[in-house]
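Subject: Structure handover

Hello,

Here is the structure for you to look through. Please open it first, then read the notes below it.

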Amino acid sequence: MESSLLLIQLLNGLQLGILLFLLSAGLTLTFGIMDFVNLAHGSLYMLGAFLCASLTLYSGSFVLAVLLALPLTALAGFALEKIVVRHLYERNHLDHVLATFGLILCLDTLAHLIWGPAGIAIPLPDTLNGQVELLTGVVVPTFRLLIIGTGLLAALGLYLLVNHTRIGMLIRAGASNRTMVGALGVDISTLFSGVFALGAALAGLAGMLVAPIAEASIGMGNDIIITTFVVIIIGGIGSMKGAFLAALLIGLIDTLGRSFLDDLFKLLMSTEAAETAAPAVSAMLVYLLMAAVLAVRPQGLFPPLSR
Amino acid sequence: MNKVLLAAAVGALAGSCAAFAADEVKIGFVTTLTTGAASIGKDQENAVMLALEHIDNTMGGKPVKLIMADDGFKPETGKQATDKLVKQDNVDFVAGYIWSHVLLASRKSVLDAGKFLISANAGPSPVAGKLCHENFFSTSWQNDQTPMAMGETLNQQGVKSLYMMAPNYAAGKDMVAGVERTFKGEILGKDLTKWGKDAQLDFSAELAKAKASGAEGIFVFYPGKAGGAFIKQYEQAGLRDTLPLYTVFTIDALSLPKLQEGGMKGVLGSKMTQFWSPDLDVPSNKKFVADFRAKYGTYPSFYAAQAYDSIQLIKSAVDAVDGDLSNMDGMRDAMEKADFPSIRGEFSYGNNHMPIQDFYSRTVVADADGNWTTTIDKVVLEDHQDVYASECKL
């Protein structure tokens, strides 16, 4: 029984890690490659969730809604870049923080105006609402497996795009030396708009996958954006590989901490003390890890080679 | 010279405002009108509007002026809003307060200014005990009471072992402690999950533990959006048949329509405890629920019910002194009698001005039209007074 519980918790950790990766991939593209601090990245995650929720209720099909909401979120990201973000590239990071914090307030209020203060739940088809028995005693909700599968596919696609296509090459080149690539006749500003839109779509995808578990709600992005920043700091800013591995690491550490820390503490101290300490420490674990990584390797675990 | 003139003009203006104020009853209502919790505040606002409509916007022969204020789900914002109501708007009553921490941060501003403070939801233990005050009244309950009723319900259901989950903050711990106070069976596991700015909404790990614990039931307290998230994941994990769900303040008229929309049938049949229910057979409640549904199209939540009562309580006070708002003692005496048509039926106030009232066990059902709501099973705790009343020196 213990080993099957451990296996379930490993899968749960993997699923959380995958979601964090989808978010941090977008942040890596904008923060790491375009050198733009986007606090409003979480708002795009929220936008994806709300668009998907509305489309699911309208069309009756969750899968169709995701397929439609993805390009819409990308389009929203594209528009955001054209209207607001591109005027900020030349400014310093503090200005980025200020401006994107303002964006969060605007987008949250916009969502409030359009969808109302209550969140929206997304109904899933029965096939996705059930459970799968992977091994005897290891029963996992189907939708959690779908999240893992979708996330891994997105990660693979992103890897191929960045490392094995001409666009990916231009993105990497643009990140290393923007002026030089521009001088070679590449339309850098359009390229960056595209990258921003891609990041938006990935964040939106994460929101669409979370919404059926929790719900689409105002401010949902602000709840998770801090952890996402922790991921890219631990992974090494600008490194896609780092973001992937750090996201999985954090997903696993967070989940296993929540699962087994209280039992572990009960071996060391009284039950009452363990019940108080375990939730507090497990909530901190991720930040403890970040502090440790920053102390030993300030550049992160897997910093990009070129910078 | 100009400045002096200006100051004089402002002074005259302020003076005329104050003179005008005596001809109306000013009520400030502090609730959450922004952030994800705004749906609760909206529900309370709707109920307050309905209450004013029912009393023709008149108390003690004077018109009522209502000022809504937003606490932004934050203690500091709530305190600022309260300060403005007390100092700038010079209201006679401040009501509202969904959140315990907002109420605790704001109470002093109201009470020090010699105004009445009516909580329409929050019931943290300090205001019922050591910090009780002659000008503080509650139209809700003290935090511990509802989970104590739940512990008793679990005993009656014959549940022998329990797994518990709640958010890791003051009210979460109160709720868990409240159940432990009365539950006689064994507690096989307990998880306090992260709450606040980046609250945990993915409970997969905890649900796996709960299932592995082999408990006969699971008790949770997750107010607001976390409640909907929990129920969905409980359903998706297929625990409906093996691990029956018992909740307090988690499933309400705000979350049920969303759960129904999301097809979360697992919640039907689950038990909870509460001081009130939309189907409570009391004339004033029937009128309130019917008119609320007619006007807003949904069942009122308990937050709404308490907000409705807060206006009725204030009216009973102002009526008793015929609109003489300077007669604080007269208004206080009137409120202590709890002599108004409460949606919960007859109740009385304890020495700490917390209601002494019945608590019911309720079940989630579909009504005649197929809408999901809750229905009362029976009284679990009769004329129940909170345990902190003895600490109050009033």
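Here are the notes, starting with the conventions.

This is a predicted model: local features need pLDDT of at least 70, side-chain atom pairs count only at pLDDT 80 or more, and totals for chains, interfaces and linings use all residues. Residues are numbered from 1 along each chain as its sequence is written, while chains are lettered from A and ligands numbered from 1 in the order in which they are written.

Chain B overall

Chain B has 13 helices and 14 strands. Both are DSSP runs numbered from the N terminus: helices are H or I with at least four residues, strands are E with at least two. The C-alpha trace of chain B spans about 80 × 45 × 45 Å along its principal axes.

A sheet in chain B

In chain B, 6 strands form an open sheet. Their order is β2-β3-β1-β4-β5-β6, and the pairing is mixed. Strands β2 (58–59) and β6 (136–138) of chain B stand at the edges with a single partner strand each, so one side of each has no neighbour in the sheet. Two strands pair if DSSP finds at least two bridges between them. β2(B) and β3(B) (residues 62–70) pair in the antiparallel sense, over 2 bridges. There, B:M59 stands opposite B:K62.

Where the chains touch

On chain B, 34 residues are in contact with 35 residues of chain A. Contact means that the C-beta atoms, placed from the backbone, lie within 7 Å. The chain B side divides into 11 nonpolar, 12 polar and 11 charged residues. Nonpolar covers Ala, Val, Leu, Ile, Met, Phe, Trp, Tyr, Cys and Pro; charged covers Asp, Glu, Lys and Arg; the others, Gly among them, are polar.

Helix α2 of chain A

Helix α2(A) (residues 41–59) and helix α10(A) (residues 220–235) have axes that come within 8 Å and cross at roughly 135 degrees. Axes are lines fitted to C-alpha atoms, for helices over the stretch in contact, and angles run from 0 to 180 degrees between N-to-C directions. α2(A) is therefore oblique to α10(A). Angles under 35 degrees count as roughly parallel, over 145 as roughly antiparallel, 65 to 115 as roughly perpendicular and the rest as oblique. Among the residues that meet are A:Y45 and A:M46 in α2(A), and A:I224 and A:I225 in α10(A). This contact divides into 6 nonpolar, 5 polar and no charged residues.

The axes of α2(A) and α3(A) (residues 62–83) also come within 8 Å, crossing at roughly 140 degrees. Their contact has 13 nonpolar, 5 polar and no charged residues.

Best wishes

Definitions and conventions:
Two residues are in contact if their C-beta atoms, placed from the backbone, lie within 7 Å.
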